[in-house]
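Subject: Structure handover

Hello,

Here is the structure I promised to pass on. My notes follow below it.

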Amino acid sequence: MAISTVPLHHIIGHFSYSRREREYHHGYSRGHEWSPTPRSTYRLKPINASVETPPFPLFQPPPLQESPSQLEPADPDFYKIGYVRSMRAYGIEFKEGPDGFGVYASKDVEPLRRARIIMEIPLELMLTVRQKLPWMFFPDIVPIGHPIFDIINSTNPETDWDLRLACLLLYAFDRDDNFWQLYGDFLPNTDECTSLLFATEDDLSQLQDLDLASTMRKQQLRALEFWEKNWHSGVPLKIKRLARDPERFIWAVSMAQSRCINMQIRIGALVQDANMLIPYADMLNHSFQPNCFLHWRFKDRMVEVMINAGQRIKKGDEMTINYLSGQQNHMFMQRYGFSSSVNPWDLIAFSGNAHIHLDSFLSVFNIAGLPDEYHYNSGDNFVNGAVIAAARTLPTWSDGDVPAIPSMERKAVKELREECQQMLAQFPTTSEQDQKLLDSIPEPRKTLETAIKYRLHRKLFIEKVIQALEIYRERILF
Ligand SMILES: C[S@@+](CC[C@H](N)C(=O)[O-])C[C@H]1O[C@@H](n2cnc3c(N)ncnc32)[C@H](O)[C@@H]1O
């Protein structure tokens, strides 16, 4: 069953669509590949003349002058795709930066007592699937009896949300006048994708993590087998053209995995856990200390992107959200194809008996709160997410008010440091060698770069834990 609500996708007025020299393959090309060739103009007739037509552009495109931050502004036409209810954005711009497209503040924002809206995106622009049985998808664009419906219907609702979203995305690209046909041009192409679904065997070996490499091999096989099962030579033409080659389907799965947002949404009386592809909001990059968050506004079925209450933002700052809380780097790698050396949730499996005194360690680094909510406000440049992770992952002891005994702490620090050093020695390369390798490849393939960065981040994290132990040892004596 699919949810049906308002009639969808009435394209209003006309818009001009700038397409540079490239194939018109949704999501296969964008951004810096475009050459500044003349614009071509497409005119789409209004489908439903009775629909009110808001004036274009619905919000101001960013100024075209060179951005002081050296980042490339998105194509101005990105802002002009118009539908019955369009998205709205306030005080932000979409630009290409170090992590692909991102969202940046176009003006300063003073801290406010209440959260402030920067984007509003209506439900009808999104692609969503319900996580649990009875599964549903939205919008209701797939006719019962269409082969893609049967394929979607054959998936496991509990586990295959990414495969279903991929099918829905490919189907949306194939439907005349669907919003995603236009929006797809702003999605990363296969070369720009960081997803390890595209990793070669060599890339996987560069991870220096056998477990992650094996998980990714299984995930690659799962996507490939799904394509083979459903797009075999005998399938009807109308399904075949959605993903003629496995690469196209795997691209769609990688889009679903890396851009999907899981949210609980209320529609009427129904509250559901949904996996959603939310255009424009999916341009927000991740941070462990995000300045924004998402909120479902049920009264008019909009997703709001909001700036945290009390957050100060400077013009040019990147706007970020937290994709996953409480997850280690390998989980970020599996789903999004990136990692961080300051992931506060990273863990190290210590095997010895050494323990340090928890309260002393926390007070040395001015870390407050309980393990699930540790935060720091020390003004000490050394303390970052990796030190928070150290506080969570180092074996510690705490017994009422019993204070630490410096000589015992020093002994424990020595053992823990040695164990960290053994872990580092087990890697075939050092962090310096990884960094040199990254610097020496002029334009590495995304998946190769992602893999080398992952192993580098792991080593930088362990090195930071060693440094933190050293500082703890020095300061505990006073
Ligand atoms: C939801 S999309 C965000 C928009 C994306 N940057 C783009 O170019 O379209 C998620 C992808 O952005 C990139 N990304 C997001 N946050 C990142 C971060 N903190 N570090 C590195 N890459 C990041 C990864 O490639 C990830 O798969």
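Start with Pro139, which sits in the loop between β7 (137-138) and α1 (147-153). Helices here are DSSP runs of H or I with at least four residues, strands are runs of E with at least two, and both are numbered from the N terminus. A cis peptide bond joins Phe138 to Pro139, with omega at about 5°.

First, the ground rules. This is a predicted model, in which local features need pLDDT of at least 70 and side-chain atom pairs count only at pLDDT 80 or more, while totals for chains, interfaces and linings use all residues. Residues are numbered from 1 along each chain as its sequence is written, and side-chain values use heavy atoms, with hydrogens and water left out.

Backbone

Most residues other than glycine have a negative phi, and most peptide bonds are trans. Asp177 is not a glycine, yet its phi is positive, about 65°. Asp177 belongs to the loop between α2 and α3 (179-183). Its relative accessible area is 28%, which makes Asp177 partly exposed. The cut-offs are these: buried is under 20% relative accessible area, exposed is over 50%, and partly exposed is in between (1.4 Å probe, protein chains only). Arg301 also has a positive phi, near 55°. Arg301 lies in the loop between β11 and β12. It is partly exposed at 26%.

Overall picture

The chain has 13 helices and 17 strands. It runs to 478 residues, and 53% of them count as buried.

Helix α2

α2 covers residues 161-174. It has 14 residues and spans 20 Å from first C-alpha to last, close to the 20 Å expected at 1.5 Å a residue. The expected span is 1.5 Å times one less than the number of residues. α2 is mostly covered, with 13 of its 14 residues buried.

An open sheet

Which strands make up the open sheet, and in what order? There are 4, in the order β2-β5-β12-β11, and the pairing is antiparallel. Strands pair if DSSP finds at least two bridges between them. The edges are β2 (88-89) and β11 (292-297), each pairing on one side only. β11 and β12 are joined by 6 bridges.

Salt bridges

Side chains of opposite charge can pair when their charged atoms come close. The structure holds 22 salt bridges (a side-chain nitrogen of Lys or Arg within 4 Å of a carboxyl oxygen of Asp or Glu). These are worth a look:

- Glu110 and Arg312 meet at 2.8 Å, N to O. Glu110 is in the loop between β4 (100-105) and β5 (116-122), and Arg312 is in the loop between β12 (302-307) and β13 (318-321), so the pair ties together parts 202 residues apart in sequence. Glu110 is partly exposed at 48%. Arg312 is partly exposed, also at 48%.
- Asp203 bridges to Arg445, with the closest N and O atoms 2.8 Å apart. Asp203 is in helix α4 (residues 201-206), Arg445 is in the loop between α12 (431-440) and α13 (446-476), and the two are 242 residues apart. Asp203 is buried at 0% relative accessibility. Arg445 is partly exposed at 42%.
- Lys446 bridges to Glu449 at 3.8 Å. They are 3 residues apart in helix α13, so about one helical turn separates them. Lys446 is partly exposed at 30%.
- Glu120, Arg297, Asp300 and Glu304 are linked in a network of salt bridges.

Thr393

Is Thr393 buried or exposed? Thr393 counts as buried, at 10% relative accessibility. It is found in helix α10 (residues 385-393). A polar atom of its side chain lies 2.8 Å from the backbone nitrogen of Ile348. Beyond neighbours within four places in sequence, Thr393 is in contact with Asp346, Leu347, Ile348, Phe350 and Phe461.

Best wishes

Methods:
A polar contact is a pair of N or O atoms within 3.5 Å; within protein, one must be able to donate a hydrogen and the other to accept it, and residues adjacent in sequence count only if both atoms are side-chain atoms. Contact means heavy atoms within 4.5 Å.
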